[in-house]
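Dear colleague,

I am passing the structure on to you with this email. Below it you will find my notes on what turned up, with the cut-offs written out.

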Amino acid sequence: ASLALVLMLLTYVNPFLTYTSPPFAGVLLILIMLEVGIGWAFGTYTAIGLLALFLLSDKEAAVMFIAFFGYYPMLRAKFEFIIKNKIIRYILELLIYNLSMAVSVVVSMFVFAVDYDDFGDLGKIGFVILILLMNVIFVLYDFLLSKLILAYRLSWQKKLRRIFQKK
C-alpha cells in the first residue's frame, strides 16, 4: 500500500505522472490479491484511494485511481475466471473503462475544478482523438496486465515465496 501511495505521490515531481502513476499503483494490488486475497486487496485499494485524495495535490490522479485503476486489476482477474468468451469480456472491459474514465473526468471537473480545455487548435476533434488513443492504450495496458499476472504466477511467485520463507 505504501509503495502504491508513493507512486501516486510522484505526481508532485512530474505532472506527466498524473496519467501513469494510477495504473502502476493499481498493478501493485495484484500482488496483494494473489497472495492474501481479494478482500485484503479491496481494503488496500480503499486505503490508498482515501489517502491519495487527502495527500495528493493532483486530485485528477487520485480520482483516476479510485474510479478505475485501483479496482480494475482485481476485476480483470475475476473476469478471466467468470467470463470465458474473450470477445464479450473485452467489450465489457472497454465499456467499464470508458464509463469509469467519463465519471473520472466529470468528478475532476465539477468537484475538483480540473480544467480540460487545453486541446488548443484541435478543439473537439482533439478530444475525440484523445479518447481513441486512450482506448488503444487501455487495450495495451490490459494485454500487459494479463502477461504480468501470468509471469508472476509462473515464475516470480515461487521465487518470492522462497526468499521470504528463508527469513
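In which helix is Leu3 found? Leu3 is found in helix H1, where helices are DSSP runs of H or I with at least four residues, numbered from the N terminus.

Please keep in mind that this is a predicted model, in which local features need pLDDT of at least 70 and side-chain atom pairs count only at pLDDT 80 or more, while totals for chains, interfaces and linings use all residues. Residues are numbered from 1 along each chain as its sequence is written, and side-chain values use heavy atoms, with hydrogens and water left out.

To begin with the surface, Leu3 has a relative accessible area of 52% and is therefore exposed (buried is under 20%, exposed over 50% and partly exposed in between, with a 1.4 Å probe and protein chains only).

Leaving aside residues up to four places away in sequence, Leu145 touches Val27, Ile30, Tyr72, Pro73 and Arg76, contact meaning heavy atoms within 4.5 Å.

The whole structure contains twelve aromatic pairs (ring centres within 6.5 Å; planes under 30 degrees apart are stacked, over 60 edge-to-face and the rest tilted). One of them joins Phe68 and Phe69 edge-to-face, at 5.1 Å centre to centre and 80° between the planes, and both residues are buried. Phe68 and Phe138 are also edge-to-face, because their planes stand at 70°, with the centres 5.7 Å apart. Since Phe68 lies in helix H4 and Phe138 in helix H7, this pair ties together parts that are 70 residues apart in sequence.

Finally, Tyr97 belongs to a cluster linked by ring pairs, whose members include Phe42, Tyr45 and Tyr141. Tyr97 is found in helix H6 and, at 3% relative accessibility, counts as buried.

Best regards

Definitions and conventions: Helix = DSSP H or I, 4+ residues; strand = E, 2+ residues; numbered from the N terminus. Phe/Tyr/Trp six-rings, centres within 6.5 Å; stacked < 30°, edge-to-face > 60°.
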